[in-house]
Amino acid sequence: QSAPGLTRGRTVRATDPIFGGANNALLRNGLPVLNSNDVTPQQFRTPPAFGVNTLTVVDPDLSYPRTHQYGVSFQREIGKGNVLEVNYIGRQGRKLFGGYDVNQMDITNNGLLAAFRQLQDPATRASVLTDPNFLINRLLAGDTRLRPVSTGGPLETGAQLLLRQAAGPLRAANGAIVTNIVDAGGVANAAAFINAGVRTGNTAIPVFQANGFSPFFFQPFPQFSGAVNVLDNNDISRYNALEIQVSRRSRGGLGYQASYTLAKSMDTRSFDPTFAIANRGSAQSTANTPFDIRDRRRNFARSDFDRRHALQGYFTYELPFGNGRRFLSDANGFVDRLVGGFELAGIMRAYSGRPFTVYAGINTLSQVLQSPASCNGCTSDMGRIGLNAAGRNAFFTAEQTAQFFAPAAGELGNTGRNFFTGPRFFQLDVTVGKRIKFDETRNLELRMEAQNATNTPIFDFPNAVISSTSFGIINDAVISSSRKVQFSAKFHF
């Protein structure tokens with residue numbers, strides 16, 4: 001087996017079970033005699049038989065990523081001690097590290113998609129259900145999962161078997177509620193289902209291969225039908241931002257900084273794929289896996305971490321009371337200790353929501369990941385936190401959930417990756433401090449710190465699979481902590 005990324009030569013794993021367990025397993029007693037199952041170069045050229053194993057390799061053309069940064073900055077002092085700063089920042093990434101499953105099921109070049117659509121169409125379904133020459137029936141002939149049509153009757157056909165496979169319930173493009181993978185458009189689910197079938201009396205090869213079809217009918221590497229994950233660097237990114245910042249150095253007991261950022265970050269993948277080469281299924285991170293390995297630009301959309309608007313800032317303010325201050329400047333002794341030495345500080349962050357993907361609940365193009373859902377009249381800012389009819393926190397209303405439907409077989413949904421914008425983020429942390437001075441060297445510092453002082457919950461993404469009974473529901477899923485108040489005292493001497 002090749003070492004990942006090795007383009008010339010082979011690596012051979014060989015073991016000696018005797019030497020490793022011997023009492024005299026010392027190098028000074030001589031090198032062990034290695035025995036390898038790889039005997040001849042010709043055997044290296046023979047691929048292993050069909051299996052459900054997974055292989056991870058490195059693209060031999062792997063090269064270093066590159067990024068281009070550019071920006072313009074303007075700064076000017078305004079008023080007394082205030083500084084205005086305006087920045088434009090741009091950044092582009094090319095040939096970024098990425099990954100994909102090269103063993104994506106083929107549904108177009110082998111005629112499966114055309115046959116699947118025949119089975120979907122009510123006008124042709126009846127004629128192909130029992131036709132022995134129909135492609136799906138030929139692929140599944142003799143499959144161990146076929147059942148008798150009736151007690152003592154003949155076995156069902158492959159087409160009838162597919163119609164028994166549950167999906168959803170899902171809303172189709174015509175508004176009908178469907179409950180099987182055929183009517184739901186799950187042609188990639190069907191391909192994976194057929195690929196996993198075996199024939200009675202012959203479990204060594206898939207049923208379609210036993211029926212005379214090429215072992216490469218569905219996948220280019222059937223010996224690793226689990227996945228052939230490839231690490232490469234063909235992902236891209238783009239970031240543009242306008243930053244406006246006003247700051248004031250501490251003067252007269254007051255200092256602050258406030259900034260607003262209008263930004264847009266787009267990419268085909270939002271994380272380094274080292275530990276997650278090709279995520280699968282319907283998790284939010286899965287949308288970073290290419291929907292279609294023939295056109296990876298179809299994943300180009302807002303980044304997982306994109307926040308269009310960001311407002312943040314901090315302030316520190318020494319209250320103008322007590323000895324040496326604007327008010328009660330002559331106070332001393334007990335009065336100064338009572339009203340003087342107060343300080344306020346705070347940090348505020350307010351961001352618009354991060355984008356997320358709504359999945360169709362069915363694999364209409366790739367068996368690796370679910371397809372994005374389609375939606376009639378949806379906008380990217382659709383959705384707000386509110387209570388549904390059951391009194392649960394929901395992001396989409398009942399009317400909005402009715403707008404979603406599964407895309408057609410062989411297609412991706414019109415919403416795409418990261419189309420919708422999730423709940424907003426707001427947090428305010430406040431500190432109140434007081435210093436009681438006894439003399440020049442001794443003082444007592446009292447502090448109260450409140451994290452998330454407004455006790456504002458930051459909700460997580462809703463359930464984003466339209467086939468789920470809890471689609472659009474958030475319930476109590478939050479990514480923030482509750483308000484925490486801490487008191488402390490410190491004596492300086």
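The side chain of Thr-415 has a polar atom that lies 2.5 Å from the backbone oxygen of Ala-373. A polar contact here is a pair of N or O atoms within 3.5 Å; within protein, one must be able to donate a hydrogen and the other to accept it, and residues adjacent in sequence count only if both atoms are side-chain atoms. Please bear in mind that this is a predicted model, in which local features need pLDDT of at least 70 and side-chain atom pairs count only at pLDDT 80 or more, while totals for chains, interfaces and linings use all residues. Residues are numbered from 1 along each chain as its sequence is written, and side-chain values use heavy atoms, with hydrogens and water left out.

Thr-415 belongs to the loop between strand E17 (404–405) and E18. Helices (H or I, at least four residues) and strands (E, at least two) are DSSP runs, numbered from the N terminus. With a relative accessible area of 6%, Thr-415 is buried. The term buried means under 20% relative accessible area, exposed means over 50%, and partly exposed lies in between (1.4 Å probe, protein chains only). Leaving aside neighbours within four places in sequence, Thr-415 is in contact with Val-358, Pro-372, Ala-373, Ser-374, Cys-375 and Phe-420, where contact means heavy atoms within 4.5 Å.

Two of those partners lead onward, and I begin with Val-358. Which residues have the most contacts inside the largest nonpolar core? They are Val-358 and Phe-404, in a core of 63 residues. A nonpolar core is a set of buried Ala, Val, Leu, Ile, Met, Phe, Trp, Tyr and Cys residues joined through side-chain atoms within 4.5 Å. The elements that give two or more residues to this core are H3, H5, H6, strand E4 (166–171), H7, H8 and helix H9 (207–210). Beyond its neighbours within four places in sequence, Val-358 is in contact with several residues, among them Phe-396, Phe-404, Phe-420 and Phe-471.

Helix H3 (residues 112–120) has Leu-112, Leu-113, Ala-115, Phe-116 and Leu-119 buried. These residues are on the same side of H3 because they cover an arc of only 160° around the axis, the arc being that of the directions from the helix axis to the C-beta atoms. The cover over the buried residues of H3 includes helix H4 (122–128), helix H5 (135–139), helix H6 (158–163), helix H7 (181–184) and helix H8 (187–195).

I turn now to the aromatic rings. The structure holds 18 aromatic pairs. Rings of Phe, Tyr and Trp (its six-membered ring) pair if their centres lie within 6.5 Å; planes under 30 degrees apart count as stacked, over 60 as edge-to-face and the rest as tilted. Phe-356 and Phe-420 form a tilted pair, 6.1 Å centre to centre with 35° between the planes. This pair links distant parts of the chain, 64 residues apart: Phe-356 in strand E13 (residues 355–356) and Phe-420 in strand E18 (residues 420–421). Both Phe-356 and Phe-420 are buried. Phe-356 also forms a tilted pair with Phe-461, at 5.2 Å centre to centre and 35° between the planes. Phe-461 lies in the loop between strand E20 (443–451) and strand E21 (484–492), so its pair with Phe-356 in strand E13 ties together parts that are 105 residues apart in sequence. The relative accessible area is 0% for Phe-356 and 17% for Phe-461. One aromatic cluster is formed by Phe-356, Phe-395, Phe-396, Phe-404, Phe-419, Phe-420, Phe-461 and Phe-471.

Charges over rings come next. The charged end of Arg-145 sits over the ring of Phe-193, 3.8 Å from its centre, and that of Arg-269 sits over the ring of Phe-271, 5.4 Å from its centre. The criterion is NZ of Lys or CZ of Arg within 6 Å of the ring centre and within 35 degrees of the ring normal.

Finally, let us consider strand E8. Asn-229 lies in strand E8 (residues 227–251) and counts as buried, at 10% relative accessibility. Tyr-239 is also placed in strand E8, but counts as partly exposed at 26% relative accessibility. The C-alpha atoms of Tyr-239 and Ser-303 are separated by 9.4 Å, although the two are 64 residues apart along the chain.
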